[in-house]
Each structure stands twice: as C-alpha cells, then as structure tokens.
Amino acid sequence: MDRTLGRSLLTLPFVLVFVLLAIFAVLFDNGALLAPLLGDVSYAANYWHELFRDGRHLLGAPCH
C-alpha cells in the first residue's frame, strides 16, 4: 500500500470527528460546548448561538 494512502486512511477518522463536531456546533449547540469552561453562564449568555446564528440561517437551519 502506498504510504500517502496509508496516512490518509489514518487521518480520516480524526477529520471525520472534527467535521461532525463542527456541524454539531454550528447547527445544534446552544452553549453545551462552552459549559465545561464557563459554567452556567455559557447557557445564559449563549455565546455559540450568537456566534453561529447567521451561519444557521445561511444554511437554512432554524434556530428559534
């Protein structure tokens, strides 16, 4: 097997997890990813929701 193909197959799971986490953050997260760092204020201030709000609307995903 070609070394380049082998490396690509090894990095594929990591890239897939990153992409799925990014999709979750943009479409569904409402502060849960920041909760370990900021505590309950991440839900009250809703940083992720405000950060990705325009992106959600651009993708046609409802957020309200």
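Modeller: A definition to start with: a residue is buried under 20% relative accessible area, exposed over 50% and partly exposed in between (1.4 Å probe, protein chains only). By that rule, 19% of the chain's 64 residues count as buried. This is a predicted model, where local features need pLDDT of at least 70 and side-chain atom pairs count only at pLDDT 80 or more, while totals for chains, interfaces and linings use all residues. Residues are numbered from 1 along each chain as its sequence is written, and side-chain values use heavy atoms, with hydrogens and water left out.

Colleague: Thanks! How do you know how many helices and strands there are in the chain?

Modeller: Helices (H or I, at least four residues) and strands (E, at least two) are DSSP runs, numbered from the N terminus. Here that gives four helices and zero strands, in the order α-α-α-α from the N terminus on.

Colleague: And where is confidence lowest, and where highest?

Modeller: pLDDT is the predictor's confidence in each residue, from 0 to 100. Helix 3 (residues 41-45) is lowest, with a mean of 70, and helix 1 is highest, at 83. The chain average is 75, and 78% of the residues score at least 70.

Colleague: Why is Leu16 called partly exposed?

Modeller: Leu16, in helix 1 (residues 3-27), has a relative accessibility of 48%, between the two limits, so it counts as partly exposed.

Colleague: What makes the nonpolar surface patch?

Modeller: Val15, Leu16, Phe18, Val19, Leu20 and Ile23 make it, covering about 570 Å². Patch residues have over 30% relative accessible area and no salt bridge; like charges are joined within 9 Å, nonpolar side chains (Val, Leu, Ile, Met, Phe, Trp, Tyr) within 5 Å. A salt bridge is a side-chain nitrogen of Lys or Arg within 4 Å of a carboxyl oxygen of Asp or Glu. Areas come from the Shrake-Rupley method with a 1.4 Å probe; for residues, only the protein chains shown count as cover.

Colleague: Which residues is Phe28 in contact with, leaving aside its neighbours within four places in sequence?

Modeller: Contact means heavy atoms within 4.5 Å, and Phe28 has such contacts with Ile23 and Arg56.
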